[in-house]
Amino acid sequence: MGEGVRRPIVFFLPDLRGGGAEKAVVRIIRALSARGIGSELLLLNAEGVYFGELPEPFPITSLNAGNLKFYPNYLLVFPRLVSFLRKREIGVIISNLSHLNVILLL
């Protein structure tokens with residue numbers, strides 16, 4: 001990227017169905033956007049109630065993970081996550097849920 005161009009901050013969440021982590025991330029995204037700082041959402045599944053609270057237009061990528069009810073099944077999205085990371089120039093990726101943190105550490 002050119003000098004002076006910031007790489008985006010990517011927030012990694014399961015979805016936007018609700019909960020404290022999701023609500024906090026949406027608030028952070030809105031604050032960053034108001035300051036002209038680019039950010040994106042990386043979701044396991046693009047569903048939830050908080051989509052209407054995001055600035056428009058807003059970049060969202062879904063890994064289309066399907067129904068992941070059991071913790072070990074989250075590892076099934078690992079190849080999709082690796083592919084996303086290899087294709088992008090990301091400044092920072094932030095995850096604040098333990099099972100997603102484990103996937104990122106791998």
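**Note on the predicted fold**

1. The protein's secondary structure comes to three helices and four strands. Helices (H or I, at least four residues) and strands (E, at least two) are DSSP runs, numbered from the N terminus. From the N terminus on, the order of elements is β-α-β-β-α-β-α.

2. This is a predicted model: local features need pLDDT of at least 70, side-chain atom pairs count only at pLDDT 80 or more, and totals for chains, interfaces and linings use all residues. Residues are numbered from 1 along each chain as its sequence is written, and side-chain values use heavy atoms, with hydrogens and water left out.

3. Overall figures come next. Of the protein's 106 residues, 36% count as buried. Buried means under 20% relative accessible area, exposed over 50%, and partly exposed in between (1.4 Å probe, protein chains only). The accessible surface is about 6,500 Å², and 54% of that belongs to carbon and sulfur atoms. These areas come from the Shrake-Rupley method with a 1.4 Å probe; for residues, only the protein chains shown count as cover. Among contacts (heavy atoms within 4.5 Å) between residues at least 6 apart in sequence, 63% join residues at least 24 apart.

4. The largest nonpolar core has 13 residues. Such a core is a set of buried Ala, Val, Leu, Ile, Met, Phe, Trp, Tyr and Cys residues joined through side-chain atoms within 4.5 Å. Those with the most contacts inside this core are Phe 11, Leu 13, Leu 16, Val 25, Ile 29, Leu 41 and Leu 54. At least two of its residues come from each of β1 (9–13), α1 (20–34) and β2 (39–43). The largest share, four residues, is from α1. Another core lies apart from it, with twelve residues, among them Val 10, Leu 81, Phe 84 and Ile 90.

5. Strand β1 is largely enclosed by the rest of the structure, because five of its five residues are buried. Ile 9, Phe 11 and Leu 13 point one way; Val 10 and Phe 12 point the other way. In a regular strand the side chains alternate between the two faces of the sheet. Five bridges join β1 to β2, and the two run parallel. Strands pair if DSSP finds at least two bridges between them. Phe 11 stands opposite Leu 41 in β2. Leu 13 touches residues including Val 25, Leu 41, Leu 97 and Leu 100, not counting residues up to four places away in sequence.

6. Asp 15 sits in the loop between β1 and α1. Asp 15 is buried, with a relative accessible area of 7%. Its side chain makes a polar contact of 2.8 Å with that of Arg 17. A polar contact is a pair of N or O atoms within 3.5 Å; within protein, one must be able to donate a hydrogen and the other to accept it, and residues adjacent in sequence count only if both atoms are side-chain atoms. Not counting residues up to four places away in sequence, Asp 15 touches Glu 22, Leu 43, Asn 45 and Glu 47.

7. In helix α3 (residues 98–105), His 99, Leu 100 and Ile 103 are buried. Seen down the axis of α3, its buried residues fall within an arc of 100 degrees (taken from the directions from the helix axis to the C-beta atoms), so they line one face of the helix. They pack against β1 and α2 (78–87). On the other side of α3, Ser 98 and Leu 105 are exposed.

8. Two backbone points deserve a look. A cis peptide bond joins Glu 56 and Pro 57, with omega about -15 degrees. Pro 57 is in the loop between β2 and β3 (60–62). Asn 64, in the loop between β3 and α2, has a positive phi near 50 degrees. Asn 64 counts as exposed at 54% relative accessibility.
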